[in-house]
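Colleague: I am new to this structure. Please take me through its pockets, its cavity and one of its helices.

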Amino acid sequence: MKKPGEKKSKAAHASASRGPSSIKAIILAAGRGQRLGRPTPKALLEFDGRTLLERHVSALQAHGIHDISITVGYRSKAIRSEIARLAIPHGVVLVDNPRYLQGSLVSLWVQRDRLKSGANIVLMDADVLYDPRMIGRLLNAEPPNVLLLDQTIEPGDEPVKICVRGGALVDFAKQPVHPHDWHGESVGFFRFSAATAAALAERIDDYVATGRTSDEYEAAIRDLILAQPDQFGYEDISDLPWTEIDFEVDVVRARREILPQISGVTGA
């Protein structure tokens, strides 16, 4: 037990500084989802009568995060209608990305003011059906900056790989180049300290200023990891069900395999 007047440990200070009240969320939901081939934004795909967007907001709020900013682009009016339907009293704002066809990096770039706001940031892809306990794992992980990692990964270039060597992150890419002991798949959920979020904003500014807008936002995160690997870590969520939704087969898997496993979980 801590004695009266005793200073908190570094871990306790870190935990307090990243409590839910000090965290803002960014959800990237601007993409067209061309590979899926549906007219509806992927964030509006319904599973058991609830859209992915509703599930994201519910999961974040269940973990005390109410300050949520969503990048919209493709069929943004439909997403605005969904937010209105949910009748969320406060805390959710939409940020337009009229250049959404250029890719995810620009969708994060339009959130640069939020990245530089001085708050810790949770960043999420919208096209994921998942066990909401992942959010708790993300918030409670010890490293100052955290990537969620699943050790179950299909071979090939499609998954974004988190590469580990000697317990440290050494690469983060679909086609990693740095030697590593093993790798897992990135879920597409991240937690950044305020300082790292601001550095990410500066890095993305540089990408846009130099015309590299076709790169995915993971490239900018990779730059920061390679520059300061000691500031990043991973949280293994291999035991929790989830799937990214890029193709029709992913929708089928989400309905048949993932949804039954998360039904009844708080925030799902």
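Colleague: Which element gives the most to the lining of the largest pocket?

Modeller: This is a predicted model, in which local features need pLDDT of at least 70 and side-chain atom pairs count only at pLDDT 80 or more, while totals for chains, interfaces and linings use all residues. Residues are numbered from 1 along each chain as its sequence is written, and side-chain values use heavy atoms, without hydrogens and water. Strand E1 (23-29), helix H4 (104-109), strand E11 (182-192) and helix H8 (217-227) each supply at least two lining residues of the largest pocket (helices, H or I of at least four residues, and strands, E of at least two, are DSSP runs numbered from the N terminus). The top contributor, with 4 residues, is E11.

Colleague: What volume does the largest pocket have?

Modeller: On a 1 Å grid over the protein atoms alone, a pocket is an open set of points with protein on both sides within 12 Å along at least five of seven lines, a cavity is a set where a 1.4 Å probe fits but cannot get out, and lining residues have an atom within 4 Å of a point. The largest pocket has 34 lining residues, with Arg 35, Lys 42, Ser 104, Asp 127 and Glu 216 nearest its centre. Grid points are joined across faces, edges and corners, and a volume is the space filled by probe spheres set on the points. For the largest pocket this comes to about 870 Å³.

Colleague: Which element provides the largest share of the lining of the second largest pocket?

Modeller: The second largest pocket has a volume of about 560 Å³. Of its 23 lining residues, Glu 154, Glu 185, Thr 243, Asp 250 and Arg 253 are the closest to its centre. Strand E13 (242-244) and helix H9 (248-262) each supply at least two. The largest share, 6 residues, comes from H9.

Colleague: How much space lies in the largest cavity?

Modeller: There is 1 cavity of 30 Å³ or more. Helix H2 (52-62) and strand E7 (128-130) are the elements that give two or more residues to its lining, and H2 gives the most, with 4 residues. The space in the largest cavity is about 40 Å³.

Colleague: Why are the buried residues of H7 on the same side?

Modeller: In H7, Thr 196, Ala 197, Leu 200, Ala 201, Ile 204, Tyr 207 and Val 208 are buried (under 20% relative accessible area; exposed is over 50%, partly exposed in between, with a 1.4 Å probe and protein chains only). They are on the same side of H7 because the arc they cover, taken from the directions from the helix axis to the C-beta atoms, is only 145°.
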